Amino acid sequence: SNSLSLMELFILLEKELDVEMNHIKLPWRKSDQKVYVADIDKAKTTFEWSPSINSEEGVRKMVDWVKSI
């Protein structure tokens, strides 16, 4: 529920950075992984942790952090 495709990430970055990202869509390569979603169950059980912010806020915080360094 809190995952992003690359295109969704690009849209959030364009919005946050007020830029237009230029990209070229290339054909799939045999070794490309079509879908990847991290399994955070171990973090949930080991550290009793789960995400507390949504993807959009996470991207915004990441951009703010990168701008600050």
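**Notebook: salt bridges, pockets and a surface patch**

I looked up Glu16 and found that, at 26% relative accessibility, Glu16 counts as partly exposed. For my own reference, buried means under 20% relative accessible area, exposed over 50%, and partly exposed in between (1.4 Å probe, protein chains only).

I note that the model is predicted, so local features need pLDDT of at least 70 and side-chain atom pairs count only at pLDDT 80 or more, while totals for chains, interfaces and linings use all residues. Residues are numbered from 1 along each chain as its sequence is written, and side-chain values use heavy atoms, with hydrogens and water left out.

**Entry: salt bridges**

I searched the whole structure and got 4 salt bridges (a side-chain nitrogen of Lys or Arg within 4 Å of a carboxyl oxygen of Asp or Glu). Arg60 lies in helix α3 and Glu16 in helix α1 (residues 6-17), so the pair ties together parts that are 44 residues apart in sequence. Helices are DSSP runs (H or I, at least four residues), numbered from the N terminus.

I then followed Arg60, which is partly exposed at 34% relative accessibility. Arg60 also forms a salt bridge with Glu56, with the closest N and O atoms 3.7 Å apart. Arg60 and Glu56 are separated by about one helical turn because they are 4 residues apart in helix α3. Glu56 is partly exposed at 32%. I wrote down the network of salt bridges that links Lys15, Glu16, Glu56 and Arg60.

Elsewhere I found Arg29 in a salt bridge with Asp32, the closest N and O atoms being 2.9 Å apart. Arg29 is exposed at 58%, and Asp32 is partly exposed at 23%.

**Entry: pockets**

I looked up the largest pocket and read a volume of about 690 Å³. I counted 19 residues in its lining, with Leu6, Met7, Trp28, Gln33 and Lys34 nearest its centre. A pocket here is an open set of points on a 1 Å grid over the protein atoms alone, where a 1.4 Å probe fits, with protein on both sides within 12 Å along at least five of seven lines; lining residues have an atom within 4 Å of a point. The volume is the space filled by probe spheres set on the points.

**Entry: helix α3 again**

I went back to helix α3 (residues 55-68) and found Met62 there. Met62 is partly exposed at 41% relative accessibility.

Methods:
Helices (H or I, at least four residues) and strands (E, at least two) are DSSP runs, numbered from the N terminus.
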